[in-house]
Amino acid sequence: MRIVCISDTHGLHGELELPKGDMILHSGDFSKLGRSQEVKKFLSWYSDLDYQYRVFIAGNHDFLPEKDPDLFRSMIPANCLYLEDEGTNIEGISLWGSPYSPRFFDWAFNRDRGEKINWHWQKIPDSVDILLTHGPPYGILDRTVRGDLVGCVDLLKRIEELSSPKIHLFGHIHEAYGIYASDTCHYVNASVVDLRYQLVHPPIVLEWKDGAVQILKE
C-alpha cells in the first residue's frame, strides 16, 4: 500500500501537488484558525482526492473540532475518516490518531505536560501499526529554529512502552520536516509549510508491504 503523508497545510491544501497513492494521511492543522468555512473547504477538497482511504486528525489551529465537535463531525464526508483518541483498521493495518499537543499559549487541543496530556497517550493501544499525532515526541524531529527540543516527553515514554508503531506521523514543528528511521519505526514530520507558512515541503510517500516500510519520496 502506498501511503501519502501530509501535515500543517493551514488552508493551502489546494496548492499542493499530491503524488499517487492508496491512502492519504493528514496529521492536523488543516486550517488557519478552524473557522467553519475553512473547515468546509478543506473537507470538500479532502473528500475529492483520488485515494481509496483518507484519514486525518486535527491540530492546534483547528478550533472547530474542539469547540463544536458535533457540528464538525456532521460536516465530515462519509469517505473521510477522522480520528480523535480513537483507532481504525484498514486492510489489516491498525491506525490510531490523537490531535493533542503540549500547551503552547491557548490553542486548540492543548494539554499541560505531565498527567493531563499523558492521560491521552495512555489511550494509545499497546499494538498499533500507524500512529498519528499532531506534535512530535521529544527529541525526534522536534527541534525549533532556536535550537530547542519541544516534543512531548510523555508521548515518547508511551511510544517506548508500545510494541512500536511502524510509522509515527506528525507535524506541528514546521522547520523539523523530514524522516527519522529507527530500527523499528519511521518517524515522519510531514509539515508542508515553513515558519512563514509558505508551502515549501513536498508530501512524504511511504510504501507498506507485509509490515515493512520503505521510503519512496522525501
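This is a predicted model: local features need pLDDT of at least 70, side-chain atom pairs count only at pLDDT 80 or more; totals for chains, interfaces and linings use all residues.
Strand β6 (residues 93-98) runs parallel to strand β9 (residues 130-133), and the two pair over 4 bridges. Two strands count as paired here if DSSP finds at least two bridges between them, and strands are DSSP runs of E with at least two residues, while helices are runs of H or I with at least four, numbered from the N terminus.

Residues are numbered from 1 along each chain as its sequence is written, and side-chain values use heavy atoms, with hydrogens and water left out.

Back to the strands. β6 and β9 belong to an open sheet of 6 strands with mixed pairing, in the order β5-β6-β9-β10-β12-β11. At the edges stand β5 (86-90) and β11 (178-181); each has a single partner strand, so one side of each lacks a neighbour in the sheet.

Now for the aromatic rings. The whole structure holds 15 aromatic pairs, meaning rings of Phe, Tyr and Trp (its six-membered ring) with centres within 6.5 Å; planes under 30 degrees apart are stacked, over 60 edge-to-face and the rest tilted. Two of them look like this:

| Pair | Centre distance | Plane angle | Type |
|---|---|---|---|
| Phe30 and Phe42 | 4.6 Å | 10 degrees | stacked |
| Phe104 and Phe105 | 4.7 Å | 80 degrees | edge-to-face |

Phe30 sits in the loop between β2 (23-27) and α1 (36-48), and Phe42 in helix α1, so their pair ties together parts 12 residues apart in sequence. Phe30 is buried, at 0% relative accessible area, and Phe42 is buried at 0% too. Buried means under 20%, exposed over 50% and partly exposed in between, with a 1.4 Å probe and protein chains only. Phe30 and Phe42 also belong to one aromatic cluster with Trp45, Tyr46, Phe56, Phe72 and Tyr82. As for the other pair, Phe104 is partly exposed at 49%, whereas Phe105 is exposed at 67%.

Phe104 turns up again in the pocket story. The largest pocket has a volume of about 450 Å³. Of its 23 lining residues, Phe104, Thr144, Val150, His172 and Ile173 are the closest to its centre. A pocket is an open set of points on a 1 Å grid where a 1.4 Å probe fits, with protein on both sides within 12 Å along at least five of seven lines, and lining residues have an atom within 4 Å of a point.

How values were computed: Grid points are joined across faces, edges and corners, and a volume is the space filled by probe spheres set on the points.
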